[in-house]
Amino acid sequence: MPHTPAGSGRPTRILLADDHALVRRGVRLILDGEPDLQVVAEAGDGAEAIELARAEQPDLAVLDIAMPRLTGLQAARELSRVMPDLRILMLTMYDNEQYFFEALKAGASGFVLKSVADRDLVEACRAAMRDEPFLYPGAVTALIRHYLDRVKEGRDLPARAITEREEEILKLVAEGHSSKEIAGLLVISVKTVERHRANLLQKLGLRDRLELTRYAIRAGLIEP
């Protein structure tokens, strides 16, 4: 996929995904105010972001982490798979270490806090297009601390507790969808949904939907 060559004069084409229209409007104003950046598509959730990225072939995707249907992290994983040349930045309200490491694993090259987006976002976009990481200062501190802890304890990064499919189902259960609705959204059978749900409860040592929902909030899959 073609990207903006240095000095080509063509602005970086950006897909912006956030489930809050007001946030999208504010972020769009920041980005469209720059001559080298142009928002070409807006999505209200992670699933729509994937569809629009495929249709519009942008250079850069700016994804909110907490969105309905699919989170920004889930969308980033899928986009990294199907569009490996696409640069990805994550937007979040929460200065949360776990989101930060998940974002890096999902293929994002940068992490911007919404509270300082007016200060950091433009530079983060330009850094992403130069193939450079962009991390806010707190994230850099977290990264170094995490690395030092791992070295000290002589251990590798922990494996994911649940599969990506189980994570999708966990998020939809926590959002209040029935097994039938989840089956329809993911194009799988109700029986398969129920099996995944039972596996989730067993793996995570949880009892019911309420405990699954609490876990989903702690894991950053849904907003509290």
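## Close-up views of a predicted model

**View 1. Helix α7 and its covered residues.** The buried residues of α7 are E166, E167, I169, L170, K171, L172, V173 and A174. "Buried" means under 20% relative accessible area, "exposed" means over 50%, and "partly exposed" lies in between (1.4 Å probe, protein chains only). The model is predicted, with residues numbered from 1 along each chain as its sequence is written, and local features need pLDDT of at least 70. Side-chain atom pairs count only at pLDDT 80 or more, while totals for chains, interfaces and linings use all residues, and side-chain values use heavy atoms, with hydrogens and water left out. Helix α7 spans residues 164-174 and is mostly covered, with eight of its eleven residues buried. Helices (H or I, at least four residues) and strands (E, at least two) are DSSP runs, numbered from the N terminus. The buried residues of α7 pack against α3 (72-82), α8, α9 and α10 (209-218). Just after α7 comes G176, with a positive phi of about 95°.

**View 2. Helix α7 against helix α9.** The two helices pack at an angle of about 95°, and their axes are 10 Å apart. Axes are lines fitted to C-alpha atoms, for helices over the stretch in contact; angles run from 0 to 180 degrees between N-to-C directions. The angle therefore makes α7 roughly perpendicular to α9. Angles under 35 degrees count as roughly parallel, over 145 as roughly antiparallel, 65 to 115 as roughly perpendicular, and the rest as oblique. From α7, the contact uses R165, E166, I169, L170 and V173. From α9, V193, H196, R197, N199, L200 and K203 take part. Contact means heavy atoms within 4.5 Å. By class, the residues of this α7 and α9 contact divide into five nonpolar, two polar and four charged. Ala, Val, Leu, Ile, Met, Phe, Trp, Tyr, Cys and Pro count as nonpolar; Asp, Glu, Lys and Arg count as charged; the others, Gly among them, are polar.

**View 3. Helix α8 against helix α9.** Helix α8 (residues 179-186) packs on helix α9 (residues 190-204) at an angle of about 110°. Their axes are 8 Å apart. So α8 is roughly perpendicular to α9. On the α8 side, S179, K180, I182 and A183 make the contact. The contact of α8 with α9 has four nonpolar, one polar and three charged residues.

**View 4. Strand β5 and its neighbours.** Strand β5 covers residues 110-113. G110 and V112 point one way, F111 and L113 point the other way, and all are buried. Strand β4 (residues 87-92) runs parallel to β5, joined by four bridges. Two strands pair if DSSP finds at least two bridges between them. L91 stands opposite V112 in β5. Strand β6 (residues 134-135) also runs parallel to β5, joined by two bridges. The bridge partner of F111 in β6 is L135. With helix α5 (residues 117-129), β5 and β6 make a left-handed β-α-β unit. A crossover is right-handed if, with the strands pointing away from the viewer, the path from the first strand over the helix to the second runs clockwise.

**View 5. Two positive phi values in loops.** Most residues other than glycine have a negative phi. Q57 has a positive phi near 50° and is not a glycine. Q57 lies in the loop between α2 (46-56) and β3 (60-64). Its relative accessible area is 37%, so Q57 is partly exposed. V187, also not a glycine, has a positive phi of about 55°. The loop between α8 and α9 holds V187. V187 is exposed, with a relative accessible area of 73%.

**View 6. T71 and what it touches.** T71 sits in the loop between β3 and α3. T71 is buried because its relative accessible area is 1%. Leaving aside residues up to four places away in sequence, T71 touches G46, I65, K171, G220 and L221.

**View 7. D32 in helix α1.** D32 belongs to helix α1 (residues 21-32). D32 is partly exposed, with a relative accessible area of 36%. Not counting residues up to four places away in sequence, D32 touches L37, Q38 and V39. D32 and P11 are 21 residues apart along the chain, and their C-alpha atoms are separated by 9.9 Å.

**View 8. The whole protein.** The protein has ten helices and six strands. Of its 224 residues, 45% count as buried.
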